[in-house]
Amino acid sequence: RFVGGSQRIALALAAELGEDVVRLGAPVRALAHRDDGVTARADRGVEVRARRAVVAIPPALAGRIAYDPPLPALRDQLTQRMPMGAVIKCHAVYPEPFWRADGLTGQAGSDTGPAKVIFDNSPPDGSPGVLLAFLEGRFARELGTWAAEDRRAAVLATLVRMFGPRAGEPEAFHEQAWAQEEYTRGCYGAYLPPGVWTSFGRALRPPIGPLHWAGAEYATVWNGYMDGAVRSGEAVAAAILQG
Ligand SMILES: Cc1cc2nc3c(=O)[nH]c(=O)nc-3n(C[C@H](O)[C@H](O)[C@H](O)COP(=O)(O)OP(=O)(O)OC[C@H]3O[C@@H](n4cnc5c(N)ncnc54)[C@H](O)[C@@H]3O)c2cc1C
């Protein structure tokens, strides 16, 4: 685990690069690509011209950028077929990690759910106590349509089953539905439904002219995870520098 949260990596990198390089609040909407370079058009009137572009977002989001000229059929059809998973991340916050006094780690798995994966997500000093519960797959899709208080009750019912009645009375409850996030649209990452890899997989990694692809979904090791995202970025950067 990252003390202080994994976002610290992105924040530290952004601080090092500076505001002239990292343009916040300017999502790329269009990429005009020619043999000799790329022009990226983003919100807030930001326009960047470069010899190459690395599109470092999941394939489903990459497919929503307007390309000029349009991408080859196989590549576009691949991005139509690599959906993001469905996960709602829930945090129940308690004055202390009471389960530890009962000899419990706070880590649990449930075959019935609705929260199927649970971790002790308390900060290193143990104050407050935090249980993290993931709603995944069909549970995220179904409970995602419920009223927030009903979803909270369902998650807490799982925690009470695991850790006893105190788990039912958190002092705070926070949830994050990742499929709602405009610039993520689901997690933990993209997946390949049956037949997609064999029929469309060869369009995943090859660059198209000056356009390159990177990110967790492109990794050959730890695909779909942070480790894989870093490996993919390093591999693409090395390929560009060599080319
Ligand atoms: C709840 C949750 C739990 C997870 N747990 C783990 C874990 O325990 N371990 C692990 O290794 N991984 C975990 N993951 C997966 C991990 O977060 C991803 O694998 C990783 O973030 C992928 O990195 P990336 O750089 O490929 O893409 P991202 O982190 O998705 O980065 C892409 C960036 O591009 C931005 N963006 C999107 N569209 C545009 C656009 N048009 N223009 C400009 N910018 C854009 C996005 O805002 C984002 O900042 C988890 C993910 C979630 C959601």
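Glu217 lies in the loop between S11 and helix H7 (226-242), where helices (H or I, at least four residues) and strands (E, at least two) are DSSP runs numbered from the N terminus. This is a predicted model, in which local features need pLDDT of at least 70 and side-chain atom pairs count only at pLDDT 80 or more, while totals for chains, interfaces and linings use all residues. Residues are numbered from 1 along each chain as its sequence is written, and side-chain values use heavy atoms, with hydrogens and water left out.

At 6% relative accessibility Glu217 counts as buried (under 20% relative accessible area; exposed is over 50%, partly exposed in between; 1.4 Å probe, protein chains only). Not counting residues up to four places away in sequence, Glu217 touches residues including Pro58, Met82 and Asn223, contact being heavy atoms within 4.5 Å. An unreviewed UniProt entry lists Val28 and Glu217 for "binding site". Val28, in strand S1 (residues 28-34), counts as partly exposed at 37% relative accessibility.

The structure also holds 7 aromatic pairs (ring centres of Phe, Tyr and Trp, the last by its six-membered ring, within 6.5 Å; planes under 30 degrees apart are stacked, over 60 edge-to-face, the rest tilted). Among them, Tyr67 and Trp213 are edge-to-face, 6.2 Å centre to centre with 70° between the planes. Because Tyr67 lies in strand S5 (residues 66-68) and Trp213 in strand S11 (residues 211-213), the pair ties together parts that are 146 residues apart in sequence. Both Tyr67 and Trp213 are buried.

Note on methods. UniProt positions are given in the numbering used here, feature names are shortened, and annotations may be inferred rather than shown by experiment.
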